[in-house]
Amino acid sequence: MNDGILPPMGVCMVTLCRILKPSNWQQCEWFGETPEGGAISSMKVAVPTEVLDEAVAAGNLDLLELWVEDEFGFPWVLAHGEDMSFMSTEQYHEWSTEL
């Protein structure tokens, strides 16, 4: 099955992350307590071929940031500390069935 993200040469995987509200957010708003930090959430996603092609053609990886903003919205951001990984179509199918 090819859902538009699996080019014959492989798949580019990136990590998205977000910081969730502090666990005591209600007490912070109502009683002025100090926030106790929010959990960090992350997920790996495959970049669609057309988005990757456009970013490469323009020579501008900031286009990936725009794609993340359009596709996933706030508060998801591209995790720049994580490497992009490229995998073959077969590796992608193996990875996706492990989830």
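A: W67 is buried, at 11% relative accessible area. Here buried means under 20% relative accessible area, exposed means over 50%, and partly exposed lies in between (1.4 Å probe, protein chains only). The model is predicted, so local features need pLDDT of at least 70 and side-chain atom pairs count only at pLDDT 80 or more, while totals for chains, interfaces and linings use all residues. Residues are numbered from 1 along each chain as its sequence is written, and side-chain values use heavy atoms, with hydrogens and water left out.

Now the helix. W67 is one of the buried residues of α3, which covers residues 62-72. Helices are DSSP runs of H or I with at least four residues, strands are E runs of at least two, and both are numbered from the N terminus. L64 and V68 are buried in α3 too.

Just after α3 comes G73, with a positive phi of about 75°.

A pair of aromatic rings is described by the distance of the centres and the angle of the planes. Rings of Phe, Tyr and Trp (its six-membered ring) pair if their centres lie within 6.5 Å; planes under 30 degrees apart are stacked, over 60 edge-to-face, and the rest tilted. How many aromatic pairs does the whole structure hold? The search finds 2. W67 pairs with F72. Their centres are 5.7 Å apart and their planes stand at 90°, an edge-to-face pair. F72 is partly exposed, at 28% relative accessibility, whereas W67 is buried.

The pair of Y92 and W95 is for comparison. Their ring centres are 5.9 Å apart and their planes meet at 35°, so this pair is tilted. Y92 and W95 both lie in helix α4 (residues 89-98). They are 3 residues apart, about one turn of the helix. Y92 is buried, at 13% relative accessible area. W95 is partly exposed, at 24%.
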